[in-house]
Amino acid sequence: MQSTDLGNKESGKLWHRKPSPAARDGIIVNIIHSSSDYLPKVLRFLNVAFDSSGDCLIAGDHQGNIYVFDLYGNSKELVSWMRGHESSVFSISVHASGRYAITTSSDTAQLWDLDTFQRKRKLNIRQSVGIQKVFFLPLSNTILSCFKDNSIFAWECDTLSCRYQLPAPPESSSILYKVFAVTRDGRILAAGGKSNHLHLWCLDAKQLFRIIQMPTKVRAIRHLEFLPDSFDAGSNQVLGVLSQDGIMRFINTQTCKLLFEIGSLDEGISSSVISPHGRYIASIMENGSLNIYSVQALTQEINKPPPPLVKVIEDVPKRKLNSGDLKMKVTTGRVQRPAKSRENRMQTRILKQDLAGSFENKENELSDGLNKKRLQILLKGYGEYPTKYRMFIWRSLLQLPENHTAFSSLEDKGVHMAFLNLHKKYPIRSRKLLRVLQRTLSALAHWSAIFSDTPYLPLLAFPFVKLFQNNQLICFEVVATLIINWCQHWFEYFPNPPINILSMIENVLAFHDRELLQHYIAHDITSQLYAWPLLETIFSEVLTREEWLKLFDNVFSNHPSFLLMTVVAYNICSRAPLLNCSLKDDFEYFFHHRNNLDISVVIREVYRLMDTTPTEVHPNSMLHVFAALTKGQYPVFNQYPKFIVDYQTQERERIRNDELDYLRERQMVEDMQAEVDQQRAEDEAWYQKQELLRKAEETRRELLLQEEEKMIQQRQRLASVKRELKVKEMHLQDATRRRFLKMQQDQREMELRRLDDEIERKVHMRDQEIATTAKDLEMRHLELESQKRLYEKNLTRNQEAVAKEMREDADAFRRKVDLEEHMFHKLIETDQTQNQKTQKLIEENLAEAEQACLNADWRIEALRKQRCDDLQRHECYREVARLLRENRRTETEVVDAMMGEEARKWEEAKEKDFHLKSEKKASALADASRKCFLQKETNDALEHAGHAYRKAASRDQNGQVASSCLPRTSQLNDILEMDSSTCISLNQRRMQWDTTERDLMDRVRTLRQRLTAQARNRCQTPHVLAT
């Protein structure tokens, strides 16, 4: 055993000399990976996988390094560092194309592109459901994912859509799956876990079909792997089971027998993988190293050919050989295999001596250590080959090359067009058998064009297909070898039967049994009836399975002419019943059905004919010796009239094209007929629908007429109800309007009475004021005299008068401030009142728009009456103003007189009062400015209210609201004018009274207190009138 340490080398050779694995352990090389640090340590390999060729494998260690080992080219190389797994990778699966790989860890599975070593997809799962394994199914585009809850899903690789899910295993043998393995054909899934039971699932049927119990020493299964075989067509039967003790046992899943083991208790195996062609086993050991095993060395004892059933005692030269000189001892049992006995050593020595002297040419030398002449001797002794080794002997006799690549190229071309409808002509019950037969015939047709037109080819190949249905390569090569050697010159007269071969058979039959031939001639039975049915079916119709196998043991062991001699022997051995037949149907039935005939007698007769037939009629002279298929590529088969085949191909292509045209035209006609029928049906349905629609329309029209009549009646009733409601509404509106007009009239009358009362009250007050003023003037003359007398008395009281005057000035200033605040609040209230009036007016205008026309006449009459009242009030106001002017003129005269009288006495007081007057003037100016400001704001508010009023009144669409509102507006304007004229007159009078007061104070010092009180009384009188 050789050992290789990778170290820090990224490439190099695996071994320096060619390994020779021993049969004991089968190890080719042991690979370890140790670091070159100060403290070296072994880097453990965790997973390994082979590529599609089986000669290269990739292995990954626990640091994520990926190595490629080429066993064929003896090389190693570090190719990548795969990242992305948070935990260690415990599974690697490679796609059949070799382009993709799936790495699996406990938390995720990732799909890698092996060309670039880039991650393509990632599978994330919940932490509660862990991943057991994710891998590709062989020869398919399906990914199988197995989880810790025993759920198994199959996914499409391209779209990642779920294809199916396997059902839960039975509760009687339910185990938690840990490891899985699939056969090369992707049909059988093996699953195991912490138990010595194995579950075998059929993925086609999606059900559990077998449970295998391992030996009691196996308590848990750590790894499963199927061992490929070149002859089982992917339905692997040998399964490697790695148990908890580190030993991998290989068992046969059909017979449940243990075949061999690898690993031991001292050097346990952690995981293993087998190459696709089954030559190598790569095992990761428990110490982290990598062992490569040779399957050929491990199965050397199993695949040994059986020991000979005869023992050569003596072998003399061929020139002295006769039938009596060869002595053989036939044993009843099989010779024991152990090589330690003396008898076996002697036998081996004798056999080697015999091999050295008996082979005169290489024709009798076969592969795998067999000898054709010895097999023929064995066959003559027993009549047939052992059943267990028959297929092995046949492969050796036919020297099959097993050209996997060439057969795959033929198989990849798919099913040939000539055999697409094979199931219609040959309804075989087994779909698998039909599929294998179809593939084999298609491969033959792709190999040579003539086989696509050979009508009897399915009959010729069917026995071999049924015999080798699990290995299509062997089946194809056996049939091809049979055609090349035992069907020589069959296709020279194609498409007719091989007349030359049938003539050979007829000549041999004429030589050995002329009477039977004459009987055939007499009843017009040709060789196409008594020989060709046997040849085209190769005796499968007239023999049982055992008889047929026994016959072809002899056919494959002899010259190709042996098959033709078998036809003659079958006729000769059946001459008695054939001579009794006289009808053609009886002859046909005889050669197409099984007959009561011993095949051993027929075979002995064939050997007799082979020895006794003269050379001139013997088929040996016209048939070539056996020629095996060439290795690598299959030979070209063109032993047929190519022009006929080409012509038939062209004719068949023409017929097929004509048939396609006919089918296309028929399909077109059928489509047209279908369209016509559909159109007719649609027309009929349309007419029926139109009739139904017409009837429905008539019914609905009648219903609509009835509904319209009902609607008209309802509308009439509704119109009458509306009229009644309208009349009621008009009555209500009329009553409301009358009540509203009455209320407005009452309000107007009340307002007029209030204005009349106010005018009368003001006139009365003016009259009283005039009378009081006249009386005051009279009293002033009297008081002047009394004041002269009291002047001296009042001089002592001047100081009190001054203090009192200051208090009175303060009181006057306070009253003045109150008056200004009253005017300011009045301004605010006027603004709010006007806004409320404007809003109310807008609402009333909207509500009274319809009544505007009715109220116009009444409002015009009211306006005329208001105008008359306004004129009367104006005359009254003018009279009052005239009286006021006369009063002011009289007061001026009085004041002038008083000023002239008292001018002298106020000269000395002017200087003292100059400062006080200047302050009073400044206060008066401030008062006047505030009054002007308030007056201006009042005028602006009144103007704004009037503008809003006019704007609201102008929104009426009918244009009549403005006229209806005119009396009210004029009335409001008159009121405002009256208020403003009153305010102006009051301001003028207040200024005049202030001037009069100052003059009187200058003239009459002693009477200042009384005159000030009188002036104050006169100022209050206009305010009372204004309110």
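The model is predicted: local features require pLDDT of at least 70 and side-chain atom pairs pLDDT 80 or more, whereas totals for chains, interfaces and linings use all residues. Residues are numbered from 1 along each chain as its sequence is written, and side-chain values use heavy atoms, with hydrogens and water left out.

Arg738 and Asp734 both belong to helix α19, 4 residues apart, about one turn of the helix. Helices (H or I, at least four residues) and strands (E, at least two) are DSSP runs numbered from the N terminus. Helix α19 spans residues 642–795 and also holds Glu698 and Arg694, again 4 residues apart; their side chains form a salt bridge at 2.7 Å, N to O. Glu698 has 35% relative accessibility, and Arg694 37%. In helix α18 (residues 599–612), Glu605 and Arg608 are 3 residues apart and are joined by a salt bridge of 2.3 Å, N to O. Here Glu605 is buried, at 14% relative accessible area, while Arg608 is partly exposed, at 37%. An α-helix has 3.6 residues a turn, so residues three or four places apart point the same way. A search of the whole structure finds 23 salt bridges, and a network of them links Asp245, Arg249 and Glu261.

The protein chain contains 24 helices and 28 strands, and 42% of its 1027 residues count as buried. Residues 24 or more positions apart account for 61% of the contacts with a separation of 6 or more, contact meaning heavy atoms within 4.5 Å. The largest nonpolar core comprises 105 residues, and Phe464 and Phe556 have the most contacts inside it. Helix α9 (residues 472–486) gives the most to this core, with 11 residues. Apart from it lies another core, of 18 residues, among them Val48, Tyr67, Tyr280 and Leu290. Such a core is a set of buried Ala, Val, Leu, Ile, Met, Phe, Trp, Tyr and Cys residues joined through side-chain atoms within 4.5 Å. Beyond its neighbours within four places in sequence, Phe556 contacts residues including Trp394, Phe464, Val478 and Trp486.

In α5, Ala406, Phe407 and Leu410 are buried. Viewed down the axis of α5, the buried residues fall within an arc of 95 degrees, so they line one face of the helix; the arc is that of the directions from the helix axis to the C-beta atoms. The face turned away from this buried side carries the exposed residues Thr405 and Asp412. The cover over the buried residues of α5 includes α7 (431–447) and α9. Gly414, with a positive phi near 85 degrees, follows α5.

Two residues other than glycine also have positive phi. Glu402, with phi of about 55 degrees, is placed in the loop between α4 (390–398) and α5. Cys256, with phi of about 60 degrees, is found in the loop between β22 (248–252) and β23 (258–262).

Terms used: Buried means under 20% relative accessible area, exposed over 50%, partly exposed in between (1.4 Å probe, protein chains only). A salt bridge is a side-chain nitrogen of Lys or Arg within 4 Å of a carboxyl oxygen of Asp or Glu.
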